[in-house]
Amino acid sequence: MIRLGYACINTQLPSAGRTCRLKNASEENILSLSRRNLSALKQILLWNRDKGIGLFRISSETIPFGSHPVNRLPWRRLLKTESSELGRLIAKYKMRVSMHPGQYTVLNSIRETVVAASIAELEYHARLMDAFSLDAAHKIILHLGGTYGDKKNGMKRFVRNFEKLSLSVQKRLVIENDEKNYTVADTLTVARELQVPMILDVFHHRCNPSLQKLGLLRILESIASTWQPQDGPQKIHYSDQKKGGPVGSHSENINVTGFKRFYRRIQHLPLDIMLEVKNKEQSVLALYRRIPSLQIKF
């Protein structure tokens with residue numbers, strides 16, 4: 001079965017990633033914003049249920065300044081009721097959620113301060129997943145990071161720093177190829193060494209190709225071997241190039257014709273496909289209209 005999803009924002013509903021400036025990050029503001037974000041997340045998930053969308057990426061801003069020293073709020077205790085309710089909702093409808101820390105989370109950085117901050121950020125993401133009582137099939141996605149002029153050592157640093165992560169992070173972490181630095185071949189090498197799953201970003205692979213002799217299906221088959229039963233179905237990312245934008249920029253919406261060609265090649269595979277587009281749920285609905293068999297029923 002193929003499932004489609006989208007990331008972080010529903011264009012028709014309130015944001016589940018409200019935050020504030022650091023100077024305004026009082027405990028009162030953080031708690032209030034967190035409650036509003038969790039309420040908005042519930043609305044989004046219920047909307048997804050009604051539209052037959054089982055896949056969603058949760059905003060990293062759900063708990064504002066979740067990994068920053070300014071946030072000393074015991075939010076897991078204070079928000080236990082809301083978090084438990086969301087976890088039950090996700091479990092009841094067998095939805096799958098994920099999180100994807102931003103560009104400043106660089107586990108293989110050559111700067112120890114950046115590595116420390118990256119570990120703190122990943123630990124926050126895992127704490128939020130744990131607050132929802134979600135199992136290891138609900139993933140935290142990360143790129144390998146920078147090359148700093150020496151890709152092999154960059155890969156080695158990632159492996160070394162992975163060992164500093166808690167078990168909660170390690171069991172959730174999946175790594176993804178990117179559009180500039182680390183190809184599918186590079187990422188697959190690290191995934192196999194760490195025995196963690198890999199996500200194929202189809203668009204990034206087009207921008208930064210490798211393993212061309214294998215072809216798409218063979219590449220997906222190779223990556224599938226990194227996914228174990230406890231990790232849930234193999235997950236991939238799909239998007240298109242923004243017209244006139246820098247290489248790797250995501251488009252406003254999915255090219256439906258292009259996706260249909262892609263779908264014909266992979267429709268027999270059990271994949272979860274995250275659409276990384278600016279118009280979010282609108283692209284999922286557009287594909288449902290053109291390929292009705294994609295829509296799931298809860």
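The model is predicted, so local features are described where pLDDT is at least 70 and side-chain atom pairs where it is 80 or more, while totals for chains, interfaces and linings use all residues. Residues are numbered from 1 along each chain as its sequence is written, and side-chain values use heavy atoms, with hydrogens and water left out.

Helices (H or I, at least four residues) and strands (E, at least two) are DSSP runs, numbered from the N terminus. Five of the five residues of S7 are buried, so the strand is largely enclosed by the rest of the structure; buried means under 20% relative accessible area, exposed over 50%, and partly exposed in between (1.4 Å probe, protein chains only). Gln 234, Ile 236 and Tyr 238 lie on one side of S7, with Lys 235 and His 237 on the other.

S7 has strand partners too, where pairing requires that DSSP finds at least two bridges between two strands. S6 and S7 run parallel and are joined by two bridges, and Asp 201 stands opposite His 237. Five bridges pair S7 with S8, again in the parallel sense, and Lys 235 has Asp 272 in S8 as its bridge partner. Together with helix H10, S7 and S8 make a right-handed β-α-β unit. Right-handed here means that, with the strands pointing away from the viewer, the path from the first strand over the helix to the second runs clockwise.

Rings of Phe, Tyr and Trp (its six-membered ring) pair if their centres lie within 6.5 Å; planes under 30 degrees apart count as stacked, over 60 as edge-to-face and the rest as tilted. The whole structure holds seven such pairs. In one of them, Tyr 238 and Phe 262 are tilted, at 4.8 Å centre to centre and 40 degrees between the planes. This pair links distant parts of the chain, since Tyr 238 is in S7 and Phe 262 in H10, 24 residues apart. Phe 262 also forms a tilted pair with Phe 259, at 5.9 Å and 55 degrees. Phe 259 and Phe 262 are three residues apart in H10, about one turn of the helix, and both are buried. Tyr 238, Phe 259, Phe 262 and Tyr 263 form one aromatic cluster.

Helix H9 (residues 215–224) has Leu 216, Ile 219, Leu 220 and Ile 223 buried.
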